[in-house]
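Subject: A structure for you to explore

Hi there,

Here is the structure I promised to pass on to you. Please open it beside this email and follow along as you read.

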Amino acid sequence: MRRSLPCLVVASLLVLSGCGIPDESGITVVGPGPSTGITSGSNATPDQATRTTTSDRTEFVDNYLAAAAGDYDGAIDRVKEFMSPRAGTDFKPVTIPRVIRLVGNPLVSPGDPEVVITYDLVGTLGKNGLLEPPKEPVRGKYEITLGTAEDGVSLYVLEAPPFLLITDTALASRYTQRTIYFWNTEHTGLIPDVRYMLRDVPIEQVPTTVIGWLIEGPAPWLKSAVEFLPDGTALLGKVPAIANQTLSINLSAQAVPTDGAPEALDRLRRQLQWSLRTLLPDNLALKIGHQETKNYYGTGYETSNAAARLQRLPERFAVYGGKIVRLSESPRAVEAIPAVPPQANKDVRTAALSNTATDTYAALVTGSGGSEALRVGVTVNSSGQDATLREVSGLPSGLGYPVWAMTSNDRPGSSIGMIIGNGGLYSFRAEGGAARQVQVSGVIGKITAITVAPDGHRVAIVAGGRLYRAVLAVSGDGVSLSEPELLRPPLNPVTAADFSGEGWLTVAGTRGGDGRVSVMDVTIDGALQDPRLADLGDDTVNYVTAYPANPTNPVSNELGNADYVSYTTADAAWDALSTPVRIDAADLAQPPGDQPENTVPAAPFFLN
């Protein structure tokens with residue numbers, strides 16, 4: 001039976017509508033608000049295990065591999081507490097912790113003091129909360145030698161690798177993901193930057209920590225696409241506890257340049273409001289240098305983040321018998337296909353639709369073999385007219401799914417889409433014309449999937465069965481892509497991917513070890529995962545599409561990833577619900593008409 005997600009959303013809204021805080025509550029310190037769309041696990045922080053917590057060798061090793069997870073400056077001392085005095089004296093590790101994912105269970109043999117762990121290196125965790133993936137995939141083994149303490153019961157580490165090690169499970173349980181934001185270089189929107197913060201950081205210290213991260217600058221992989229805070233920006237004192245529903249921040253005069261100061265100040269306060277959104281009370285009081293404090297109320301800042309414009313209930317489409325059709329249980333299910341002229345809705349293989357407040361964009365791949373073509377167009381929403389579709393020239397055969405990367409209000413000429421052709425990546429404009437090949441360096445094998453986040457800059461790529469992340473930049477010479485960074489989800493190979501939230505990707509591929517196909521959500525750094533469909537047998541998923549979660553949605557799921565995910569296999573399209581649910585002709589919003597008996601819906605997608 002199909003699970004009706006819209007009904008679940010309505011039910012959640014009814015439950016939440018009965019909650020509230022009295023105006024006279026007198027709150028001075030505010031805890032976390034609605035999910036930013038990127039958290040992991042429970043908010044409860046487990047107690048930190050000590051050396052004497054267990055005498056079971058497997059559990060002891062697990063606890064040892066979680067000891068470095070905590071206050072950054074105390075990590076070495078916590079790890080040494082698990083060691084014999086001599087081992088602790090000799091232990092001189094690299095100070096930056098390594099995050100690892102165990103491959104199988106630690107190998108514990110009776111009577112053997114050595115415990116062997118096989119691991120994949122996920123990355124390194126910096127003091128600034130950044131998890132940096134490795135440049136190349138690393139799988140290896142560590143040996144940890146255990147001994148019995150003087151009491152004859154508890155254990156010691158006698159010898160260990162010279163690294164601070166944190167397992168991905170310890171990362172998930174002891175840290176929460178927080179998003180900070182930087183303006184893109186065009187000043188048209190904010191770009192999320194995902195960090196990890198200890199769950200037990202006192203709530204009154206969080207604003208000071210977040211502002212420190214902002215001042216330090218963005219993650220290296222985002223640097224080419226975002227704007228840094230001005231040199232000399234500093235927090236004057238610590239951020240005081242929230243009082244009278246006001247969060248007060250005092251920054252140095254350098255935080256706002258003299259040229260274009262009013263616009264720069266407005267961007268700064270929006271950047272701060274988004275980065276501190278889960279703590280934000282009614283009012284942000286922002287003081288720059290010796291200037292008069294300015295107060296900012298309400299949620300108007302939310303328009304600066306494209307993800308906040310995503311609808312709770314997406315419009316859903318598929319291709320059936322060569323035509324784009326709407327699916328039932330979706331808004332506007334009985335209306336015409338937006339932007340696409342009825343006479344052009346034929347011989348379609350794949351498609352993408354995107355809209356802004358003013359315009360709707362369409363991209364259709366039609367035909368096959370020598371007649372394969374990409375046709376694109378844009379229409380003004382207020383005109384009530386369909387788009388004029390124009391062919392994109394200069395593309396090779398073997399076209400994949402088109403993706404609208406950057407769409408602009410009132411500036412359709414600046415809007416850009418992406419498509420894969422014969423394993424290469426190409427960009428195209430909304431008005432058609434010649435496609436341009438986008439150079440992609442540092443990947444192995446042909447590109448098989450491309451997805452672009454709602455911010456229009458962060459990109460995930462699947463190439464040669466591997467998952468990468470990168471950023472798009474646009475200049476007069478066209479579209480460029482930063483050198484992709486390899487991610488290490490627990491799938492090999494990866495076959496498909498799509499953004500499902502500000503800090504999440506939905507990916508499909510084969511699980512290591514048993515070769516079973518799986519669809520799961522992984523964080524944008526590849527560190528954490530949440531199973532969506534754990535075991536699909538050996539039926540390869542060749543395409544996945546997700547409708548990203550809106551970070552302002554108060555009824556979003558705990559992780560903040562997509563409620564709506566669909567995918568395709570060789571012979572069918574599916575919804576990824578609690579179990580796979582096949583999309584059939586009965587799921588179409590309108591009668592399908594006369595089609596061959598074996599015709600099935602294919603290429604599902606959302607209006608983004």
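Below is what I found in it, topic by topic.

First, some housekeeping. This is a predicted model, in which local features need pLDDT of at least 70 and side-chain atom pairs count only at pLDDT 80 or more, while totals for chains, interfaces and linings use all residues. Residues are numbered from 1 along each chain as its sequence is written, and side-chain values use heavy atoms, with hydrogens and water left out.

**The nonpolar cores**

A nonpolar core is a set of buried Ala, Val, Leu, Ile, Met, Phe, Trp, Tyr and Cys residues joined through side-chain atoms within 4.5 Å. Buried means under 20% relative accessible area, exposed means over 50%, and partly exposed lies in between (1.4 Å probe, protein chains only). The largest core here has 57 residues, and Ile249 and Leu467 touch the most other members. Leaving out residues up to four places away in sequence, Ile249 is in contact (heavy atoms within 4.5 Å) with Ile211, Leu235, Val239, Leu272, Leu276, Leu284, Ala285, Leu286 and Lys287. Apart from this core lies another one of 39 residues, including Val79, Phe82, Ile117 and Leu121.

**Rings that pair up**

Rings of Phe, Tyr and Trp (its six-membered ring) pair if their centres lie within 6.5 Å; planes under 30 degrees apart count as stacked, over 60 as edge-to-face and the rest as tilted. By this rule there are 12 aromatic pairs. One of them joins Tyr181 and Trp274: the ring centres are 5.3 Å apart and the planes are at 55 degrees, so this pair is tilted.

Where do Tyr181 and Trp274 lie? Helices (H or I, at least four residues) and strands (E, at least two) are DSSP runs, numbered from the N terminus. Tyr181 is in strand S8 (residues 175-183) and Trp274 is in helix H7 (residues 261-275), so the pair ties together parts that are 93 residues apart in sequence. Tyr181 is buried, at a relative accessible area of 1%, and Trp274 is buried too, at 2%.

Another pair is formed by Phe317 and Phe605, with ring centres 5.3 Å apart and planes at 15 degrees, so this one is stacked. Phe317 sits in strand S13 (residues 316-320) and Phe605 in strand S37 (residues 602-606), which links parts of the chain 288 residues apart. Both Phe317 and Phe605 are buried.

Trp274 also turns up among the contacts of Ser304, which include Trp183, Gly189, Leu190 and Arg270 as well, leaving aside neighbours within four places in sequence. Ser304 is found in the loop between strand S12 (294-297) and S13. Is Ser304 buried or exposed? With a relative accessible area of 6%, Ser304 is buried.

**Charges over rings**

A charge sits over a ring if NZ of Lys or CZ of Arg is within 6 Å of the ring centre and within 35 degrees of the ring normal. The charged end of Arg51 is placed this way over the ring of Tyr156, 4.2 Å from its centre. Arg98 lies over the face of Phe163, at 3.7 Å from the ring centre.

**Helix H2**

Which residues of helix H2 (residues 57-64) are buried? They are Phe60, Val61, Asn63 and Tyr64. Among the elements covering the buried residues of H2 are helix H3 (75-80), strand S3 (114-125) and strand S5 (139-148). Ring pairs also link Phe60, Tyr64 and Phe82 into a cluster.

**Backbone details**

The peptide bond from Asn492 to Pro493 is cis, with omega near 5 degrees. Pro493 belongs to strand S29 (residues 491-501).

Asn244 has a positive phi of about 55 degrees although it is not a glycine. Asn244 lies in the loop between helix H6 (206-216) and strand S10 (246-251), and at a relative accessible area of 73% Asn244 is exposed. Asn422 has a positive phi as well, near 50 degrees. Asn422 is in the loop between strand S20 (416-421) and strand S21 (424-429), and at 47% relative accessibility Asn422 counts as partly exposed.

Enjoy exploring!
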